[in-house]
Amino acid sequence: LDQEGENQQEEEEVIPVEHPVVVAYLKEREEFEKEWGGLSVTISTTSAADPKQIDINEKSEIDVFKDTHKAVQGTFSYVAWEYTGIDMDEEEEDIDADQDEDDTLADEEEDEDAIRNRKRPFGDSKHYDPVILNDKGSLVAGTNENAAKYKEKTIYFTTPENRDAFLENPTKYLGNEKSTE
C-alpha cells in the first residue's frame, strides 16, 4: 500500500506553470482560441450542426456534464413562435391539399369553414386564450392576428402581450401537457 500511495502522490503532483509541457499546452490552447471563432462560424453556416460552447474552467465533471446535457437538450426542445401570414398561407395550402384528397369522402352538405375548422390542429385550449384561462380562469376567444404555433398546434390569443407572455414560457400556460423537454 505504501508503494501504491507513493505512486498516487507522484501522479497528483502539480506541474509548475513554467514547465515545458504546460507552456506548450497553453500555447496550443491560445492558438485554438484564436481559430475557434472562425471555425465555429464556418461550421454553423455550412452545415446543420450548431456548435455549443460550454465553459469548463473551475467546474466539476458533474457540472460540465449537466451543462453539456442542457445545451444539447435545448436543441431538441419545442419552441413556440408567432403565427404569421406565411404560416396561415402554408396551413391553407396543406388544408387545400388534404381537402382535395378528402373530396371523394366529404359530404356535399358540409361547408368549407366546417371542413377547415375540423382539420385545423388547435391547442388544448381550442380557440381560447390560454394566458387568460391560466391567469383569470375564464374563457375568452383569441384571434388569428394574435396566434402562435407550439408543438404543431395553433394557439390563439386576445392580445399581442398575451402571445408574447406565452412565447416566453409555453409550458406555464399549457401545464396539463406532458413535457417532453
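Is Lys34 buried or exposed? Select Lys34 and show its surface. Lys34 counts as exposed, because its relative accessibility is 64% and the cut-off for exposed is over 50%. Keep in mind that this is a predicted model.

**Stop 1**

Glu30 has a relative accessible area of 48%, so Glu30 is partly exposed.

Now select Arg29 and Glu33. They form a salt bridge too, with the closest N and O atoms 3.6 Å apart. Arg29 is partly exposed at 32% relative accessible area. Glu33 is partly exposed at 44%.

**Stop 2**

Select Phe32 and Trp36. The structure holds three aromatic pairs. In this one the ring centres are 5.7 Å apart and the planes meet at 25 degrees, so the pair is stacked. Stacked calls for planes under 30 degrees apart. Helix 2 spans residues 20–46, and the two residues sit four apart in it, about one helical turn. Phe32 counts as partly exposed, at 42% relative accessibility.

**Stop 3: an aromatic cluster**

Move to Tyr150 and Phe166. Their ring centres are 5.9 Å apart and their planes stand at 90 degrees, so this pair is edge-to-face. Tyr150 belongs to strand 2 (residues 143–150) and Phe166 to helix 7 (residues 160–168), so the pair ties together parts 16 residues apart in sequence. Both residues are buried. Ring pairs link Tyr150, Phe157 and Phe166 into a cluster.

**Stop 4: Arg163 and Asp164**

Select Arg163 and Asp164. They form a salt bridge, with the closest N and O atoms 3.8 Å apart. Arg163 is buried, with a relative accessible area of 8%. Asp164 counts as partly exposed, at 37%. The count for the structure comes to four salt bridges.

**Stop 5: a negative patch**

Which residues form the negative surface patch? Select Asp89, Glu90, Glu93, Asp94, Asp96 and Asp98; together they make the patch. Colour by charge here. Then centre on Glu93, which lies in helix 4 (residues 85–102). Glu93 counts as exposed, at 54% relative accessibility.

Methods: Residues are numbered from 1 along each chain as its sequence is written. This is a predicted model: local features need pLDDT of at least 70, side-chain atom pairs count only at pLDDT 80 or more; totals for chains, interfaces and linings use all residues. Side-chain values use heavy atoms; hydrogens and water are left out. Rings of Phe, Tyr and Trp (its six-membered ring) pair if their centres lie within 6.5 Å; planes under 30 degrees apart count as stacked, over 60 as edge-to-face and the rest as tilted. Buried means under 20% relative accessible area, exposed over 50%, partly exposed in between (1.4 Å probe, protein chains only). Patches are made of residues with over 30% relative accessible area and no salt bridge: like charges are joined within 9 Å, nonpolar side chains (Val, Leu, Ile, Met, Phe, Trp, Tyr) within 5 Å. Accessible areas come from the Shrake-Rupley method with a 1.4 Å probe; for residues, only the protein chains shown count as cover. A salt bridge is a side-chain nitrogen of Lys or Arg within 4 Å of a carboxyl oxygen of Asp or Glu. Lys and Arg count as positive and Asp and Glu as negative; His and the chain ends are not counted. The place of a charge is taken as NZ of Lys, CZ of Arg, CG of Asp or CD of Glu.
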